[in-house]
Amino acid sequence: MAKKKRVLTGDRPTGPLHLGHYVGTLANRVRLQDKYEVFLLIADYHALTTKPEKADILAAREYIREIVLDYLAVGIDPEKTTIYVQSDVPEVCELALLFSMLVTLPRVERIPTLKDMIRDQKIENPSMGLMLYPILQAADILHVKAEIVPVGKDQESHVELCREIARRFNSLYGEVFPEPEALIGDVPTLPGIDGRAKMSKSLGNAIFLSDPPEEVARKVMQMFTDPIRIRPDIPADPDAPHNVVFRYHEAFNDDQAEVEELKARYRQGKVGDVEVKKRLIAALERFLAPIRERRAYYAARPHLIDEILAAGAAKVRPISQATLAEAREAMGLSARPLAELKARYL
Ligand code: TRP
């Protein structure tokens, strides 16, 4: 039987996951785990590149657990998907160091994803760690020889650098690495509850997967609505992109006939915003209730989280060691016992 292709992606532990993550990537990851060998890493080294204070690190440790709960809650199955914390597999750092010799500083400085990060977070003097960000990400991908990297459009330029690194390494030292492909989700970005283009924790416009029902209801009731509709009898266009309540209906309501019916009445000026929102609250509850239930199950059993992360690291580490041994041998660095590692893990 042909080996399953490997897929790797991950998240920085900077906050719990929200509905935008769900449509953007989580739903996709749940689907992929049936067909591929999937690795999900929680990138705590990457979080350090912009948040190295001790308080930030301790907060990130909490977020790691929240993110694992979010993964499990949406249906990521730890039997199929290997979930691990980046710094539990420190071999990735050695690979990143080796890769860093193959990339020039001006090349890193040109990466749009990194430039945006530096601009958005108003970082005046980027650390060396931050400049290594994309190289470390390439090492994340290549240390398990992942061939598919499901990410948002904003991460595309990092995957492009990863491909360049793989090509350059292979041409200098021989074929070791695959050239991974970014798998960019084709879902439109979910807007925030304030009507801004993108749901994001830092913009404070997110509905989190872990929000309790009252919180979800409160957020929906304060959702941005069409400013021309000062009365419910004013006809308006539900398909206008700024009518975010309908964007959520489209993404999450399991009763699309209801959505069509609401849209028809909205166009005729025969439905109030409050009704549209109340029905969205009900739809979101149908969607979130089972997620909340699974989350509560694991939240009540914290040892399971520890076990999942320990098992994940135990699975990835030897793969990482085998890849590293192979890379070192290809480069002519001092040998490590490769044949056995390779037979078992690559
Ligand atoms: N940089 C990614 C983000 O911020 C997280 C990440 C780290 C990642 N390593 C990765 C994503 C490897 C895909 C593959 O979202």
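This is a predicted model: local features need pLDDT of at least 70, side-chain atom pairs count only at pLDDT 80 or more; totals for chains, interfaces and linings use all residues.
The ligand site comes first. The ligand is surrounded by 14 residues. Arg-12, Tyr-133, Gln-137, Asp-140 and Gln-155 are the closest of these. In Arg-12, an N or O atom of the side chain lies 3.0 Å from an oxygen atom of the ligand. Tyr-133 has a polar side-chain atom 2.7 Å from a ligand nitrogen. For Asp-140, an N or O atom of the side chain is 2.8 Å from a nitrogen atom of the ligand. The ligand taken alone exposes 370 Å², and the protein buries 93% of that area.

The shell around the ligand draws on several elements. Strand 1 (6-11), helix 8 (133-143) and strand 4 (148-151) each give at least two residues to the shell. Helix 8 supplies the largest share, with four residues. By class, the shell holds seven nonpolar, five polar and two charged residues.

The second largest pocket was examined next. Its volume is about 470 Å³. The lining of this pocket consists of 22 residues. Asp-44, Ile-57, Ala-60, Arg-61 and Ile-64 lie nearest the centre of the pocket. Three helices each contribute at least two lining residues: helix 2 (44-48), helix 3 (54-74) and helix 14 (302-331). The largest share comes from helix 3, which gives nine residues. The lining of the pocket includes eleven nonpolar and nine charged residues, along with two polar ones.

Glu-37 is a residue with two polar partners listed here. Glu-37 sits in strand 2, which spans residues 37-42. The side chain of Glu-37 forms a polar contact of 3.2 Å with the side chain of Arg-6. A polar contact of 3.2 Å also links the side chains of Glu-37 and Lys-315. Leaving aside residues up to four places away in sequence, Glu-37 touches Lys-4, Lys-5, Arg-6, Val-7 and Lys-315.

Rolling a probe the size of a water molecule over the atoms shows where empty space is left. Across the whole structure, two cavities of 30 Å³ or more were found.

The largest cavity contains about 60 Å³ of space. Its lining is made up of Phe-224, Thr-225, Asp-226, Asn-243, Val-244, Val-245, Phe-246, Tyr-266, Asp-273, Val-276 and Lys-277. Helix 11 (244-252) and helix 13 (273-299) each provide at least two of the lining residues. Six residues of this lining are nonpolar, two are polar and three are charged.

The second largest cavity holds about 30 Å³. Gly-24, Thr-25, Asn-28, Pro-150, Val-151, Leu-183 and Gly-185 form its lining. Helix 1 (19-32) and strand 4 are the elements that give two or more residues to this lining. Helix 1 gives the most, with three residues. The lining of the second largest cavity has three nonpolar and four polar residues, and no charged residues.

Notes: Residues are numbered from 1 along each chain as its sequence is written. Side-chain values use heavy atoms; hydrogens and water are left out. A residue is near a molecule or strand if one of its heavy atoms lies within 4 Å of it. A polar contact is a pair of N or O atoms within 3.5 Å; within protein, one must be able to donate a hydrogen and the other to accept it, and residues adjacent in sequence count only if both atoms are side-chain atoms. Accessible areas come from the Shrake-Rupley method with a 1.4 Å probe; for residues, only the protein chains shown count as cover. Ala, Val, Leu, Ile, Met, Phe, Trp, Tyr, Cys and Pro count as nonpolar, Asp, Glu, Lys and Arg as charged, and the others, Gly among them, as polar. On a 1 Å grid over the protein atoms alone, a cavity is a set of points where a 1.4 Å probe fits but cannot get out, and a pocket is an open set with protein on both sides within 12 Å along at least five of seven lines; lining residues have an atom within 4 Å of a point. Grid points are joined across faces, edges and corners, and a volume is the space filled by probe spheres set on the points. Contact means heavy atoms within 4.5 Å.
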